[in-house]
Structure formats: structure tokens, C-alpha cells
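I opened the model to look up its surface patch and its strand pairing. My entries follow.

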Amino acid sequence: MSGFKVGLFSSLRVCREFPSTKKFLLGVFLTPFAMGLTLSQTTPSFASSPSCSAAGSTGLTAALIATGNQSISNQTINAAGCDVGIYVGPSITGVTITGDTITGANDHGIFVQDTSNITVSGTTVEGNGVNRTAGIGDDKALMFVGTSNSTITGNTVTGNLADGGIGVYDDGPVDLGAPNPGSLSPSNDVTISNNLVSDNYGGCGIVVSSGSANVPAAGVTNVTVTSNTLTGAPGHFGPYGPVVGGIIIAGRKMSGITVQGNTITGEAQPAIVVHSNAPGDSVNGVTITGNTMSGNDWLAINGSPVPTAIVLGATQIPPPSSPTITGTTITNNSITGDFYGVWVAGATGSNISGNTYSLSPGGAAVFNVPPPGSGYWMAGSDGGVFSFGDAGYYGSMGGKTLNAPVVGIASTP
């Protein structure tokens, strides 16, 4: 059964392939790591609906449209009936959003597009994503696309239902935050710091990503994800899936991303995932340092078939379009309660050193996936199963009482 489960999830990219609870329940029934599940389809209700205005050319509506150099502070914004709570549109610079509470939006609590010098601080983004709009690739509660020289700090992003917590992306012919296309705009020099990201169903905790497959990408560079606290909800499901959680770095054109000093606990997928898996994807110079990770990847998805803390995964596609992950540094992290500390597939030039590990019995601090077709399993007569090469480890009957000795082994399809 576990072997088939790996086939379902091995090609996932970022978090936009998690559209429904149904898909997740299929994965859960095929993995031995998820027990005691709770399915909740409750949608928050709100007392009144605001007046909704068009959010630029996105195809969405918003409860509040920001103007240039505006301070939006200490407001409670009930965005029920609107797609977005606060929308900051193209070239609307110098906006400060601080001390607010934003609830009830169909999609994003805050959506910032194609601009710069934006600060979101001390704000609670809660109970959004209640009725997802079709055609949105990533439906994060707090979402920046094509936004530079900006800061997301000290916020509480919790209890959102659609697609996870915080996202920073470039913009282009496919705007991952809206049904309509945007302008080709990079995201550079963004800091995501000291945020609490918890119980956000249906998607990843923090995503930093460039572009979409087969379209031009403006790029994402010099983004720092630091001192955030991310917590999951093992076994619990919302209307769009579980708290997938984790920090994801992925995309077409990525460089200079730092993930430092974060605390990540109890997420459904690995704590930190670096992905490069569409033709032409390039992720270079990611630094992962000083993070504390405990008990993550309880669904064993997005890479390794067993619970893993950090995944570096580049999909094998023939040249000249091969995705690449190069120059990753993984140092001084603390990893507890997983089977693999770091799982590496197709990444080159990595520096993995100075980390501390407390792993499940039989686990490995670093597992390098060998080239395809070079793995096999062996079974002992006592039920012990041993994996070699690129054959994944799915468990063993070693140490268990058997009715008779084992005489052979066969893989599932």
C-alpha cells in the first residue's frame, strides 16, 4: 500500500496540487503514518457583509482598496462576501498595514500585487479562504505577488481554510493569486519574520515561489524567512485538506533565499522543502540554517516516502530542460522525530553540515537518492526488510512474532 501512495504524491509541486479533502483522504488511507484523523468541514459565519469593490484587473473583489502611502491600522475588517480583505494594487507604494484583524474573505485576507515598500505587521489574518474562487493557483491568506522591498513581520496567520498561510511570488502571465493574468514583475528583497503561522488548512505554511510551468518568470531573489513559528494539526482536516504546513522554496527562477531560525512542528509535509520540478526550473543559493524542526511530515508526502524534515528535490527531466537545485547550504539545524533528516534527490553542490538529529530507529541523517533503477529490497526470514539504492523504505516486520519464517518478498505495483 505504501508503495502506491508514493506514486500519488511524488510529483507534487509547492502546494497548489492539494485542491480537495477527497484527494487527501485517499493519501491518508494509503499511508501508515496518519492515525486518529479528524475531518472538519465547518465554515465560519460572519455577522454582516461589507461593500465589495473590484480589486484592479485581478477578477477578484475586495472589502478595502489601499491608496498610496496609506496607513491602515487598528481596524477590524469583516470581508465576508468579498474575495479579498485588503487589496494593494500595482504601483500603490508605501502602504503600511498594522494592528488590524481581517476575517471572512473568500480567498486572501491580504493581497498585494506588483508594487514595493509595503509593510504588514502586527496583524491577525484569521478565518479567510471560506469560499475559494476558481482559477486561483495559490490561495494563501496573506499573499504578495510581484512585490519588492517589503516586510511581513509579527503577524498571526491562523485558522484560514483555503490554501495555507503566507506566500511570496513573482507575477506574470499566470498570476498565482488571481484568476486573471498580471504583469511580469519580480519579487526581490522581501523579509518574512516573527510571524505565527498555524492551523491554516489546505496548503503550505510559507511559500516562496517563482512562476508557473511553461510561462515566462520574472524571478524571486533575496527573500529571508526568519524567526517564524509554524505549527500543524496532525490528523485534522478542513474543507480543502489538512494543515499541509512547512516552508516551501520552489519555482522557475529562484536565488538567494534564506530560511533561518524558524520553529516548525507537526506539519503534514516536511518542515522545509526545496523544489525544482518543472522544465527549466532553477533554484540556486538557498541557505537553511539554525531552524528547529520536530515531528513533521506525518502524511509522508512531497518527496520521501517516510517522514522527513528537509527535502531537496529536483525532478529528473532530460536536458536541455532539466530542473536544477544548486548551491544549497544546510547547517546548524535541529531535527527531531523524523526518519530522514535530509532527503536529497537531484540537487548538486549542497553543503550539509553541523546539524543535530534525533531520528526514528533505522533512520538516516542524510539520504541521497541514487539514480533510477539502481535499488532493491532484501527480506530476512525473521521479517526484517532492508532497502538499498533508490528503493524506498516502507517498514519491516523485524522484531515481530511471525507465524512462520518469511521465504520471499515482492513489491506493490
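**Nonpolar patch**

I looked for surface patches and found that Y376, M378, F386 and F388 form a nonpolar one, with about 400 Å² of accessible area together. The model is predicted: local features need pLDDT of at least 70, side-chain atom pairs count only at pLDDT 80 or more, and totals for chains, interfaces and linings use all residues. Numbering runs from 1 along each chain as its sequence is written, and side-chain values use heavy atoms, with hydrogens and water left out.

Patch residues have over 30% relative accessible area and no salt bridge, with nonpolar side chains (Val, Leu, Ile, Met, Phe, Trp, Tyr) joined within 5 Å and like charges within 9 Å. A salt bridge is a Lys or Arg side-chain nitrogen within 4 Å of an Asp or Glu carboxyl oxygen. Areas are Shrake-Rupley values with a 1.4 Å probe, and for residues only the protein chains shown count as cover.

I noted that β38 (376-379) and β39 (385-388) each supply at least two residues of the patch. Strands are DSSP runs of E, at least two residues, numbered from the N terminus. F388 lies in β39 and is partly exposed at 32% relative accessible area (buried is under 20%, exposed over 50%, partly exposed in between).

**Strand β34**

I checked β34 (residues 340-345) and found six of its six residues buried. β34 pairs in the parallel sense with β30 (residues 308-314) over five bridges; pairing needs at least two DSSP bridges. W343 is the bridge partner of V311 there. Four bridges join β34 to β37 (residues 364-368), also parallel, with V366 as the partner of V342.

How values were computed:
Buried means under 20% relative accessible area, exposed over 50%, partly exposed in between (1.4 Å probe, protein chains only).
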